[in-house]
Every structure is written in structure tokens, then in C-alpha cells.
Amino acid sequence: MKGLKRFLAAALCAAMLTGMSGCTSVTDGKRIIRIAHAQSETHPEHLGLLKFKEHIEEKLGDKYEVQIFPNELLGAAQRAIELTQTGAIDFVVAGTANLETFANVYEIFSMPYLFTSEEAYHEVMNDTDYMNQVYASTDEAGFRVLTWYNAGTRNFYATKPIHTPEDLKGLKMRVQQSPASVNMVKAFGAAASPMSFGEVYTAIQQGVIDGAENNELALTNNKHGEVAKYFSYNKHQMVPDMLIGNLKFLNSLSEEERAVFEEAALLSTEVELADWDQQVEEAKKIAENDMGVEFIDVDVQVFRDKVDGVQDQMLEENPNIRELYDYIQEVNAKYTEEGAE
Ligand code: GCU
């Protein structure tokens with residue numbers, strides 16, 4: 001796998017160096033659209049991207065061919081975003097944690113216990129008109145988010161059982177390469193070790209870290225359940241993944257073409273969301289029965305209390321998240337008992 005990654009990266013570099021920038025490569029008269037992502041070919045996001053490809057090729061197949069590169073083949077999230085930024089590739093799927101350094105409004109999704117229900121999370125993310133304002137925040141960086149994908153709820157998992165925040169003390173936990181996630185894990189009382197997704201398995205296996213935090217699919221699709229046998233439902237974050245496109249490319253499309261790409265993006269989200277819950281259920285069964293992972297139900301309130309001050313601290317430090325935060329609170333209230341009263 002590593003060899004293949006190196007080969008692909010080298011091929012891409014060679015293409016760029018010879019002046020055939022990845023962005024403008026043409027085969028059989030068709031413009032090649034390259035999309036990079038970090039998941040396996042069975043992951044809901046890959047299935048969503050196949051729909052994206054299908055729709056574009058059905059409508060604009062005489063002009064465009066879409067190629068999807070899964071499994072971090074073109075590099076881990078940060079690198080793949082940079083390739084999208086420069087136009088070496090056209091699209092990438094990455095979590096918002098990776099966008100924080102480009103537009104700090106995205107820090108909000110790293111805030112612990114931001115959404116109080118899945119319903120509120122989905123309602124906010126599906127409010128395309130509202131989210132489009134947020135998506136424009138990386139225009140200066142040269143890319144634009146087109147749509148979101150559900151990446152579930154994030155929880156701690158480790159080589160040791162975690163029942164209360166006390167159990168996190170002294171543990172070294174991998175976090176995404178995001179300043180806000182580092183702060184969050186520290187607030188929980190653990191040591192934070194930022195690294196890319198693809199490095200996590202080996203780091204746990206070699207004892208470099210004690211665990212990580214993610215959704216259930218990380219246990220199966222990424223095989224982390226082979227090396228970390230305890231998954232605790234403390235539910236600290238719902239962090240969406242984003243389909244990100246090179247802005248120059250998007251702006252080069254005619255109005256009709258742009259509409260097709262945007263339609264394709266929304267269709268890909270529909271497919272991804274429809275598949276998500278079922279894949280999580282399957283992953284739980286496989287992790288428990290075949291990999292011997294123990295799922296631990298914890299008192300979520302105790303974890304919530306532990307990081308109580310983090311939301312206010314983040315709001316104070318980053319005024320750019322205030323408006324979105326207030327909007328999310330309104331949506332949260334619709335789905336909580338207090339809100340219903
Ligand atoms: C999830 C998420 C990815 C993210 C990864 C991580 O798999 O879907 O976008 O990169 O977690 O923790 O790095």
C-alpha cells in the first residue's frame with residue numbers, strides 16, 4: 001500500500017512538473033476530475049462519491065471523467081487539502097478539524113458537546129442556505145466546501161477501558177491535527193497526540209499512544225478494533241466531513257455545469273447519509289463479535305461536566321464562531337425537552 005501511495009504521489013508530481021498540472025489533465029478529450037479521500041472503498045463516503053461521479057458523468061460525460069482515490073492514496077487529509085488548494089487535484093473529502101487552520105469558523109465543530117442531538121446536527125448541516133455562508137469562508141484559501149457527509153459521533157477508544165474521565169488521566173490519545181481538538185482532549189485530562197488518520201493503527205499497536213477517538217467505523221474500516229479493545233460511548237463530538245473543491249476549477253465551470261456539480265454533491269450526501277446508520281450497526285456487530293471489542297456505556301453527563309468551561313472559553317477566544325454557535329443553540333432547543341416546553 002505504501003509503495004502504491006508513493007507511486008501515485010510521484011506520478012502526480014511528475015505530471016505537475018512537466019507542466020501538465022493535475023488540474024488540467026485531459027484524457028480522450030475529457031477533463032479528468034480527481035477526488036481524494038481517506039476512507040476505504042466500502043465506506044459510506046466512497047459510495048456517496050460514486051454517486052457524485054455517476055451523476056456528473058451521466059450529465060456531462062462527454063466532457064468530464066471523475067476518478068476517485070480512496071485510502072489516503074494521494075496523501076493524508078492535510079496534504080490532500082493542499083493539493084486541492086493548488087489545483088493539483090480538484091476535490092478532497094476531509095473533516096472540518098483539518099479546515100481550522102484555513103478558516104477558524106470551523107473550530108466550532110471541535111467544540112465538545114456542541115450538538116445536543118443527532119436531529120439538531122442533521123438539521124443544521126442540511127440547512128444548505130445557512131451552511132453556504134460558512135462554506136464561503138475558505139474562498140481566500142482557494143477552495144470551497146460543496147457539501148457535508150455524516151461522520152457520526154466521536155467517542156474514546158483505547159487499549160484500556162474508560163468508564164469515567166478519571167480513566168483518561170495519564171493516557172495518550174490521538175487527536176486530529178486541530179488545535180481545538182488538542183485543547184478538548186487536554187480538558188478531558190488526557191495527553192493529546194495529534195497525527196494523521198492513517199498513522200493511528202500503528203501508533204496504537206506499537207504503544208506510542210493508548211487510544212484515539214472516533215466513530216465506530218474506525219474500528220472496522222480502519223481496523224483499529226484489532227489493536228484497541230475498549231470503545232466508550234462518551235459522545236463528545238459530531239464532526240462532519242466536507243467535500244471540498246478547488247475554487248478556480250469551480251469558478252471555471254459554466255452556470256449549467258456548476259449546477260450539475262452542486263446537484264451531484266447533494267446527491268452524494270443523500271447516498272452517504274442513507275448508508276451511514278446501517279454501516280454503523282454492522283460495524284458494531286463486527287467489532288464486538290469478530291474483533292472482541294467491548295462497547296462501554298458511560299454516564300455522558302460526567303464527561304460533559306469535565307469539559308464544562310471549554311465552550312465558553314472557545315467563544316471568548318474566537319468571535320468568528322459566535323453566530324453559528326447561537327444558531328446551533330436555537331436548533332438544539334427544538335429537540336430538547338426545555339425547548340419543547
Ligand atoms: C473520521 C472522519 C475523517 C477523519 C478521521 C480522523 O474517519 O470521517 O474525516 O479524518 O475520522 O479522525 O482523522
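Biologist: In which loop is E72 found?

Modeller: E72 is in the loop that runs between strand 3 (64-69) and helix 3 (77-86). Helices (H or I, at least four residues) and strands (E, at least two) are DSSP runs, numbered from the N terminus. The model is predicted, so local features need pLDDT of at least 70, side-chain atom pairs count only at pLDDT 80 or more, and totals for chains, interfaces and linings use all residues. Residues are numbered from 1 along each chain as its sequence is written, and side-chain values use heavy atoms, without hydrogens or water.

Look at the backbone of E72. Its phi is near 55°, a positive value in a residue other than glycine. Most residues other than glycine have a negative phi. E72 is also buried, at 8% relative accessibility. Buried means under 20% relative accessible area, exposed over 50%, and partly exposed in between (1.4 Å probe, protein chains only).

K223 also has a positive phi, near 65°, and is not a glycine. K223 lies in the loop between helix 8 (217-220) and strand 10 (230-237). K223 is partly exposed, with a relative accessible area of 43%.

Now the ligand. Around it stand Q39, G95, A151, R154, R174, Q176, F197, N214 and D241, each with a heavy atom within 4 Å of it. That shell divides into two nonpolar, four polar and three charged residues. Here Ala, Val, Leu, Ile, Met, Phe, Trp, Tyr, Cys and Pro are nonpolar, Asp, Glu, Lys and Arg are charged, and the others, Gly among them, are polar.

A polar atom of R154 lies 2.8 Å from one. For Q39 the distance is 3.0 Å. For Q176 it is 3.5 Å. The protein covers 95% of the 310 Å² of accessible area that the ligand has on its own, an area from the Shrake-Rupley method with a 1.4 Å probe.

R154 lies in strand 6 (residues 154-158). R154 is buried, with a relative accessible area of 6%. The R154 side chain also reaches the backbone oxygen of E213, at 2.9 Å. Such a polar contact is a pair of N or O atoms within 3.5 Å; within protein, one must be able to donate a hydrogen and the other to accept it.
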